[in-house]
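Thanks for coming. I will go through one structure today, strand by strand, and then look at a few side chains.

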Amino acid sequence: IIGYDPVITDGKCRTDFTAQMPDGAKFFNEVEFDAVPTQGGILCANGKWRARDGSAEGTTPYRVFINDGVKRGSP
């Protein structure tokens, strides 16, 4: 995964990212999470992703916790 760096805006965590396969193929995507205030920071949860070309979409169990600019992901 290349460029995965969620930013909080308007109550959502959003980022564009590229998935690069071992054969070199690249897939350009975007993901949006709900930004949920939690003790000590923001939890980005309930993620929905989509391919930038509109060819695929889905949900993800991945979550990101953001506290003072530090981002930690959890499967």
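Four bridges join β4 to strand β5, residues 57–60, and these two run antiparallel. This is a predicted model, so please keep that in mind throughout. One of the positions where the two strands face each other is Lys48, which stands opposite Thr59 in β5. The hairpin of β4 and β5 has five residues between the strands, and in that hairpin Gly54 takes a positive phi near 80°.

Now stay with β4 and look at its other partners. Strand β3 covers residues 26–38 and β4 covers residues 41–51, and they pair in the antiparallel sense over nine bridges. Here we meet Lys48 again: Lys48 is the bridge partner, in β4, of Glu32. The hairpin of β3 and β4 has two residues between the strands. Gly40 in this hairpin takes a positive phi near 90°.

β4 also pairs with strand β6, residues 63–67, in the antiparallel sense and over three bridges. In that pairing, Ile42 stands opposite Ile66 in β6.

Next, the disulfide. How many does the structure hold? It holds one. Cys13 and Cys44 form it, with their sulfur atoms 2.0 Å apart. The pair links distant parts of the chain, as Cys13 is in strand β2, residues 12–20, and Cys44 is in strand β4, 31 residues apart. Both cysteines, Cys13 and Cys44, are buried. Is the disulfide left-handed or right-handed? The torsion about the S-S bond of Cys13 and Cys44 is about -70°, so the disulfide is left-handed.

On to charged side chains. The structure holds six salt bridges, and I will take three of them, including one between Asp34 and Lys12. In that pair the closest N and O atoms are 2.7 Å apart. Asp34 has 23% relative accessibility and counts as partly exposed. Lys12 is also partly exposed, with a relative accessible area of 23%.

Glu32 is partly exposed at 31% relative accessible area, and Arg14 is partly exposed at 33%.

Glu30 forms a salt bridge with Arg50, and the closest N and O atoms are 2.7 Å apart. Glu30 lies in strand β3 and Arg50 in strand β4, so the parts tied together here are 20 residues apart in sequence. Glu30 is partly exposed, with a relative accessible area of 22%, and Arg50 is partly exposed, with 34%. These two also belong to a network of salt bridges that links Asp16, Glu30, Arg50 and Arg52.

Asn29 is found in strand β3. Is Asn29 buried or exposed? Its relative accessible area is 8%, and the cut-off for buried is under 20%, so Asn29 counts as buried. The side chain of Asn29 reaches the backbone oxygen of Phe27 at 3.0 Å. Leaving aside neighbours within four places in sequence, Asn29 is in contact with several residues, among them Phe17, Trp49 and Arg52. Asp16 and Arg50 are also in contact with Asn29, and both were named in the salt-bridge network.

How values were computed. Residues are numbered from 1 along each chain as its sequence is written. This is a predicted model: local features need pLDDT of at least 70, side-chain atom pairs count only at pLDDT 80 or more; totals for chains, interfaces and linings use all residues. Side-chain values use heavy atoms; hydrogens and water are left out. Two strands pair if DSSP finds at least two bridges between them. Buried means under 20% relative accessible area, exposed over 50%, partly exposed in between (1.4 Å probe, protein chains only). A polar contact is a pair of N or O atoms within 3.5 Å; within protein, one must be able to donate a hydrogen and the other to accept it, and residues adjacent in sequence count only if both atoms are side-chain atoms. Contact means heavy atoms within 4.5 Å. A disulfide is a pair of cysteine sulfur atoms within 2.5 Å. A salt bridge is a side-chain nitrogen of Lys or Arg within 4 Å of a carboxyl oxygen of Asp or Glu.
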